[in-house]
Amino acid sequence: MQSKQQKMKRPGLHFYHFSSGVIAFSSTRQGGYSEGSYGEWNINRYCGDNDESISWNRKALCELLDINDDKLLMPHQVHRTEIAKIDHEFFCLTAEDRQQRLEGVDTIMTNLQDVCIGVSTADCIPILLYDKVNHAVCAIHAGWRGTVEHIAEKSVMAMVDNYGSIPSDIIAQIGPGISLDSFEVGDEVYDNFAKAGFDMSTISKRYPTKEPHDEKWHIDLPVCNRLQLIAAGLKEENISLSGICTFKHHDTFFSARRLGINSGRIYTAILLKKSPLQHRCNIKNK
C-alpha cells in the first residue's frame, strides 16, 4: 500500500461531455490501490474489497475532483427502482443516517453543486442524465431486473416531479455495460421482458451456444434503456451510448461475468461544479 508521503495515484477515468461545468465519467480499472480482481480502482464496499484500498481510491478521486469525501456518493443498489434525492437536508443528517438513506437505492439525483453522485456496475447498465435547463443530474443503475421494471423511465419522471424537468431538455449518456452478443439469458429472463411489454424483435436475438444445435436468447440492455428514455420523452439525438462492452473489455472495465462477483465495480458518476475543472482533470471528452 502506498504511503501518505508518496505521490497520490491518479484514477483512470473515461469522461463524457455534457456541458461546461458538468463533470461526468466512468472509472476504469487503472490508477488505484486495489489488488487482484479488484485492481486497481474500486470504491464499492459491498463486493469484498479491502477497506483501506477503497479509502485510498476515494481519496484519490476526491482530490482530482476537488470535493470532500462526504460529497462522493454511491448508493447500496439492490436491482429495484427506489430513487434517492440528495438535497441540503441530506447533509444535515448523521453519517449513519445518510448511509441509511442510500440503502436499497438504484437511482440517485441532485441539483446541488460539488456533489458527485454515481452508481456501481460490472455488466449492468449505468445511465447519466443532465437537465440542461434546471441544472439537475441523475445516475441510474439498470441491471436486467431494473430495466424490466422501467427504472430509466421512472427516473426521468422523478426529475420531472422534483426539478420541473422537461424530458426534451434532458441529455443522457448510457455507459459501459454488457452488450447484446455477450448477454446470454435464460428463457425466464426473456419471458420477463416480453411480459413487461418490450418489443422483443428489437431487443433480443438467439445465438448458438457451444453445444451442437443449441441456441440461447440474448438481450440488448443498452438498447432497452435507450428505448425507455425515448418513451419518457427524451430526444433521440440527446441520448449517447458508450458502445463499450464490459464482458469483452474486462481488462479495462470490471465484468462480473468474466471476473466473478468477488471483483471490483465501475463507478459511473456526474457532478455539477461551481467552477470548471478542465485544468485539473485534463478531460478528453468522448
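Visitor: Is asparagine 44 buried or exposed?
Guide: Let's go by the cut-offs: buried means under 20% relative accessible area, exposed means over 50%, and partly exposed is what falls in between (1.4 Å probe, protein chains only). Asparagine 44 sits at 9% relative accessibility, so this residue counts as buried.

Visitor: Before we go on, what kind of model is this?
Guide: Residues are numbered from 1 along each chain as its sequence is written, and side-chain values use heavy atoms, with hydrogens and water left out. Local features need pLDDT of at least 70, side-chain atom pairs count only at pLDDT 80 or more, and totals for chains, interfaces and linings use all residues, this being a predicted model.

Visitor: Where is asparagine 44 found?
Guide: Helices (H or I, at least four residues) and strands (E, at least two) are DSSP runs here, numbered from the N terminus. Going by those runs, asparagine 44 is in the loop between strand S2 (22–27) and helix H1 (51–65).

Visitor: Which backbone nitrogen lies 2.6 Å from a polar atom of the asparagine 44 side chain?
Guide: A polar contact is a pair of N or O atoms within 3.5 Å; within protein, one must be able to donate a hydrogen and the other to accept it, and residues adjacent in sequence count only if both atoms are side-chain atoms. The side chain of asparagine 44 has a polar atom 3.4 Å from the backbone nitrogen of cysteine 47. The 2.6 Å separation belongs to the backbone nitrogen of tyrosine 46.

Visitor: Is cysteine 47 buried or exposed?
Guide: This cysteine also has its place in the loop between S2 and H1. Leaving aside neighbours within four places in sequence, cysteine 47 is in contact (heavy atoms within 4.5 Å) with residues including Tyr38, Asn42, Ile261 and Arg265. Arg265 also turns up among the residues that asparagine 44 touches. At 5% relative accessibility, cysteine 47 counts as buried.

Visitor: How many salt bridges are there?
Guide: In general, side chains of opposite charge can pair when their charged atoms come close. The rule for a salt bridge is a side-chain nitrogen of Lys or Arg within 4 Å of a carboxyl oxygen of Asp or Glu. Applied here, that rule gives a count of seven.

Visitor: How many residues apart in sequence are the parts tied together by arginine 101 and glutamate 89?
Guide: These two form a salt bridge whose closest N and O atoms are 3.9 Å apart. Arginine 101 is in helix H2 (residues 95–101) and glutamate 89 in the loop between strand S4 (83–86) and H2, so the pair ties together parts separated in sequence by 12 residues.

Visitor: At what angle do H4 and H7 cross?
Guide: Axes are lines fitted to C-alpha atoms, for helices over the stretch in contact, with angles running from 0 to 180 degrees between N-to-C directions. Residues making the contact include Ala152 and Val156 of H4, and Asn225 and Leu229 of H7. The axes come within 8 Å and cross at roughly 35°.
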